[in-house]
Amino acid sequence: MMQQYLRIKAEQPGILLFYRMGDFYELFYDDAEKAAPLLGITLTRRGTSAGQPIPMAGVPVHSAEQYLARLIRLGESVAICEQIGDPALSKGPVERKVVRIVTPGTITDAQLLPERDDRVLLAVKPGNRRLGLAWMVVASGECWLAEMAPAQFIAEFDRLRPAELVLPDSVDLSAIPGWLDEGRPTAPQAPVARVADWQFDEQRARRTLTELLQVADPDAFGVNEVPDALGALGALLDYVGRTQGISPSHLQAPKVHHGDDYLIVDPVARRNLELVETLRGESAPTLLSVLDRCASSAGARMLRRWLQLPLRRQADAAIRHRQVGVLLQADPTPLRRMLAKSVDFERIAGRIALRSVRPRELAALRDACASVDEIASWLRTIDPQGELFGDELAELAPPPAQTLLLAAALADEPAALVRDGGVFRSGHDLTLDELRAIDENCDAHLAQMEQQERDQTGIANLKVGFNNVHGFYIEVSNGQTDRVPEHYRRRQTLKNAERYITPELKAFEDKALSARERALARERELYEQLLDALAPSVQAWQRIGRALGAIDVLACFADRARELGWVEPQFSALPGIEIRAGRHPVVEDSVERFVPNDCVFDDRRRTVLLTGPNMGGKSTYMRQVALIVLLAHTGSFVPADLCRLGPIDRIFTRIGASDDLAGGRSTFMVEMTEAAAILHAATEHSLVLMDEIGRGTSTFDGLALAHAIASRLLSHNRSFVLFATHYFELTQLAERFPQAINRHLAAAEHRGSIAFLHEVRDGPANRSYGLQVARLAGLPPPVVRAAGQLLEALETRAREQDAQIDLFGEGQTSLDAPDGPEEIRAAPDDQRTRQVIERIAEIDPDQLSARAALELLYELKAALGR
């Protein structure tokens, strides 16, 4: 047995092997020592190999899924090795083979998958100055292809968050620009599976795709545009086939992912806006958690995808708005009740193709067909001509032959697993019915036979019975043996009786003893036949699943718009953003009263310089503008009284202060890196949020950088910019640039305390209220009083010396130049300063002693009058 184990294990290097032994999956050697602490199971040692005890650990077969789920969450892969031979017929170890490999990116079991999130498997092929990407959701069969510059890979990787990465053996990830920073990965980590380079061959992938999709030429799907991505898809499909033990025939037509089709939201913006995950890495409160009232898991997954890929083309988003509007007018409540009765068609279809679907899932598929028809009928009542929901209605057509087959074949409530029996209804198969009758009616049949034998022999105390050693028998006491018929054959002699067998009882015994096993074997055979018959309908079930998912998201949008008072956004070809009484959807959901605010951009007003106290609501205001724009391009209604948007291509954010300790980057370095990315990529159609840029360094350095960055955005990028700052000197930009305006978050002070009004008003703030915020935060009163005294002294000195820097004086000649600052000339020196400079020029530092240097310092200080 251990020889068999070692042979199988040698074929599965680097992954854990669950080796079936009776009612347990066992792990041996290094696998056992690795898995035992991960799973919290006992590590034991049994037998010997090469004179050493064999480490082993095991988990029960009936509860293996919970252990598999734990290993998958930890990024481990597991090969499942089953007994496929008959122990009764095996002379040596029972024949075993690996039937599937469970990896983080290829899980398809409902018990292992998160219902409302996808698990993405990503393959990458480096090409000629580009990367070919192919990613697939194995559970549903959806697949995408893309090619991009290596510098774009990190952003795409962050969006996809793959559960597993498939790479050629020869590829070094560190060669991808941006993948490593100071030797540390910059992207979220994923388990990596290495495969041979030849599996990434484009022509081989083309043949595989042709066979799976049963088409003459896969170029019809646009794969000829992305040859490197096609090669990556070939390796990905090979990997899926190897792990599932079967070809992925449920593969849906691959879609070529064009970045221009979507509003670009880079990883920094996605994180700062907290679309699907908070800054702390939690699932709520986020935009997704506020929006997700989807009735089905398929709808929830599609909503997540839509939020991460908002549409760029206004016409496409406007179609969704019209669909939401019609649903809202009709009241989506009945539709949502119908959707709640549907099932996860796409995932069930995938498991049908992979032959891992369970009987109860098929029963749920059967029962859900009625709800599909109800949903289609309801949509036709609100859209009789199919102008808005025509595409979805065309997909809501359950395949009639397979629907009837499921209804005729499956029991009303089938067993959870085929091996348990009870999957098919009575009358579906005569052979199965006969075997079940024998198994279920054995006692009644024996009683009937006993009475029949008593009547024929006249032996009143004759008994028909059974034991595990001799099987069925007819028992006759010794006093009645002379009345036993000739066709009775002696089977066992007891002290007071004889036991016999007859040809009729022997025939019944053969049937009865094997009826249960044969019934289970017959059900397995029938189940395989059922899966064969369902295979042609996989694509139809997938189409139904996609259509229901989209309908569910649209119904969710309508429901949220009705409950939260959201309005339909309008699109315009003219540049600009007009939001009246806008609200932050997440913050509004968590407070009793939210103060709405306007935000208006047009071609003549492109930058809002935003000032006001900390905690006044600047960041909330900026984020709500970005979220409203993103929601509109997702197809949702928006939290505002009015929303009108011109063309938008990207959303950038530079919000918050955080360092990157693991990457060795300070707060200021992170800030400057993000600002640089914005300055390089923002266009006149981009929305840019800049929050307190420059605060991570000295005051003058930060002020100079903030001014230069704001000037660059105004004069060069010409983006729509919300620029929040505590540098009041920057408010003077509005005097130099007609495209800039000042606005501030209002606050009121009363008896030394501050009240935040959260209202955005025109003009700059007149003070920052830093001491009041400190007092509100609980700083000890003596500290606040000391700070107040020092602040007063500093302000007095500044007024006396006119010390506030003039960023726009004659000495600042080029900060506003289109190409940025070139030179900052020093202010003219007075006579005293020139004398000090001349004195310093005469000094030979190498000739100064420590005492002479100290005396010179005092001399220079005196010369300056200090």
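Analyst: In this predicted model, the sulfur of C599 has its closest cysteine sulfur in C643, at 10.0 Å, which is too far for a bond. C599 is also buried, since its relative accessible area is 1%. C556 counts as buried because its relative accessibility is 0%. Over the structure, the number of disulfides is zero.

Attention may now turn to the open sheet. Seven strands build this sheet in the order β15-β25-β26-β27-β23-β28-β29, and their pairing is mixed. Its edges are formed by β15 (264-265) and β29 (753-762), each of which pairs on one side only. Within the sheet, β25 (residues 650-654) and β26 (residues 686-691) run parallel to each other and are joined by five bridges. I651 has L687 of β26 as its bridge partner.

Two helices lie across strands of this sheet. Helix α21 (residues 618-634) lies across β15, β23 (607-611), β25, β26, β27 (720-724), β28 (740-750) and β29, with an angle of about 165 degrees to β26. Helix α23 (residues 699-717) lies across β23, β26, β27 and β28, at about 165 degrees to β27.

Helix α21 contains R623, a buried residue without a salt bridge. The nearest side chain of opposite charge to R623 is that of E274, at 5.3 Å, whereas a salt bridge needs a nitrogen-to-oxygen distance within 4 Å. Apart from neighbours within four places in sequence, the contacts of R623 are N272, L273, L279, H584, I655 and L689.

Burial is also marked in helix α12 (residues 345-353), where nine of the nine residues are buried, so the helix is largely enclosed by the rest of the structure. Just after α12, R355 adopts a positive phi of about 60 degrees.

Helix α3 (residues 64-73) has A64, Y67, L68, A69, L71 and I72 as its buried residues. These buried residues pack against β1 (16-21), β2 (24-28), α2 (29-39), β4 (52-60), β5 (78-83) and β6. After α3 comes G75, with a positive phi near 85 degrees.

Q111 occupies the loop between β6 (96-102) and β7 (120-126) and counts as partly exposed because its relative accessibility is 43%. Excluding residues up to four places away in sequence, Q111 touches E65 and R358. The C-alpha atom of Q111 is 8.1 Å from that of Q66, although the two residues are 45 residues apart along the chain.

How values were computed
Residues numbered from 1 in each chain as written. Predicted model: local features only at pLDDT ≥ 70, side-chain atom pairs only at ≥ 80, totals over all residues. Heavy atoms only, no water. Pairing = 2+ DSSP bridges. Helix = DSSP H or I, 4+ residues; strand = E, 2+ residues; numbered from the N terminus. Contact = heavy atoms within 4.5 Å. Axes fitted to C-alpha atoms, helices over the stretch in contact; angles between N-to-C directions. Disulfide = S-S within 2.5 Å. Buried < 20%, exposed > 50% of the residue type's maximum accessible area, 1.4 Å probe, protein only. Lys, Arg positive; Asp, Glu negative; His and termini not counted.
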